[in-house]
Amino acid sequence: MKVAEKVTIVTGGGAGIGAALAAALAVAGAKVVVADLDEAAALAVSEQINAAHPGSTVGVGADAADTVAITGLIALAQQHFGPVDLYFANAGIVGAPGLDVTDDDWDRSLDVNLRAHIRAAKLLVPQWIERGTGYFISTASAAGLLTQIGSATYSVSKHAAVGFAEWLSVTYGDNGIRVSCLCPMGVNTKLLYAGRDSGAELGAAATRAVVSAGDVLEPGEVAEIVLAAVDAEQFLILPHPQVLDMYRNKGADYDRWLRGMRRYQSSLLTETH
């Protein structure tokens, strides 16, 4: 799909990958609703992009996990630009490390990292089927293919996000609905360092694991990779190609992979002392 002249929504657009996606989309000629829970951040990103590409974006504060808010985003896009063509479900949170997290922690992680995607798809897919076209782009994580040392809420919710994106593609791919799933490792955003900054041993190990597993990419690099994948209508987007080899090794011998991950986690925890 060519994004020029298309109407897009980017959640989590106030910083990181979301802000970079919004900027790259505008450069490519798309119209963009930049949404973020932090309204000031969304407005600032939109203003910066519009300075270079006047009228290409509108910023708004919104909870991407709230159905009413998502409905509002779709209506805002329609009002300013027209029907939504692409939805970038990019907002995400890390979650606390360890098993001792509350039900509220689990609910919030599942809401933001998974149910936000489900709620957006429920609103958009019927419209897209009627029009015969639409594109859903899910920001998951390499943790959704492998795992995440430290945060169970992050690992589980990102696995679920990958699973939902797969299901969308299988179920609606023959109805003109394209789906892509972004699964990066380390990207230079606040989210990458949230584990380290949590003060917990497992959190610090989580950040160390991601940083040591491969290059830490800049958000702009990831955005360019995403747009190239959208142009090619590619489902699995891996900014770190080595993730595919890791995924194959996991599937080839699950027990060996689990033993290796336990050893790796032990080594990371030793480094924290």
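Let me start inside the model, where the lining of the largest cavity is made up of 6 nonpolar residues, 3 polar residues and no charged residues (nonpolar being Ala, Val, Leu, Ile, Met, Phe, Trp, Tyr, Cys and Pro, charged being Asp, Glu, Lys and Arg, and polar being the others, Gly among them). This is a predicted model, in which local features need pLDDT of at least 70 and side-chain atom pairs count only at pLDDT 80 or more, while totals for chains, interfaces and linings use all residues. Residues are numbered from 1 along each chain as its sequence is written, and side-chain values use heavy atoms, with hydrogens and water left out.

To stay with that cavity, the structure holds 1 cavity of 30 Å³ or more, and the volume of the largest cavity is about 30 Å³. By cavity I mean a set of points, on a 1 Å grid over the protein atoms alone, where a 1.4 Å probe fits but cannot get out, with lining residues having an atom within 4 Å of a point; the volume is the space filled by probe spheres set on the points, which are joined across faces, edges and corners. Which residues line the largest cavity? They are Thr11, Ala64, Tyr87, Ala89, Asn90, Ala91, Val112, Ala116 and His117. Strand E4 (86–89) and helix H4 are the elements that give two or more residues to this lining, and the largest share, 3 residues, comes from H4. Helices (H or I, at least four residues) and strands (E, at least two) are DSSP runs, numbered from the N terminus.

Asn113 lies in H4 and counts as buried because its relative accessibility is 0% (buried is under 20% relative accessible area, exposed over 50%, and partly exposed in between, with a 1.4 Å probe and protein chains only). What does the side chain of Asn113 make a polar contact with? The partner is the side chain of Ser157, at 3.0 Å, a polar contact being a pair of N or O atoms within 3.5 Å where, within protein, one must be able to donate a hydrogen and the other to accept it, and where residues adjacent in sequence count only if both atoms are side-chain atoms. If we leave aside neighbours within four places in sequence, Asn113 is in contact with Ala91, Gly92, Ile93, Tyr154, Ser157, Lys158 and Ala161, contact meaning heavy atoms within 4.5 Å. Ala91, as you will remember, is one of the residues lining the largest cavity.

The second residue is Ala121, found in H4, which spans residues 103–131, and it counts as buried because its relative accessibility is 4%. Not counting residues up to four places away in sequence, Ala121 touches Pro126, Phe136, Phe164 and Leu168. Between Ala121 and Tyr135, which are 14 residues apart along the chain, the C-alpha atoms are separated by 10.0 Å.

Now to the charged side chains. How many salt bridges does a search of the whole structure find? The search finds 7, a salt bridge being a side-chain nitrogen of Lys or Arg within 4 Å of a carboxyl oxygen of Asp or Glu. Lys2 forms one with Asp231, where the closest N and O atoms are 2.8 Å apart. That pair links distant parts of the chain, 229 residues apart, with Lys2 in the segment before strand E1 (7–10) and Asp231 in helix H8 (residues 219–232). Lys2 counts as exposed at 56% relative accessibility, whereas Asp231 is partly exposed, with a relative accessible area of 36%.

Arg178 forms a salt bridge with Glu233, and here the closest N and O atoms are 3.0 Å apart. This pair too links distant parts of the chain, 55 residues apart: Arg178 is in strand E6 (residues 177–182), and Glu233 is in the loop between H8 and strand E7 (236–237). Arg178 counts as partly exposed at 25% relative accessibility, and Glu233 counts as partly exposed at 37%. Glu233 also has a positive phi, near 55 degrees, in a residue other than glycine.

Finally, Asp111, Arg115 and Arg119 are linked in a network of salt bridges.

Notes:
On a 1 Å grid over the protein atoms alone, a cavity is a set of points where a 1.4 Å probe fits but cannot get out, and a pocket is an open set with protein on both sides within 12 Å along at least five of seven lines; lining residues have an atom within 4 Å of a point.
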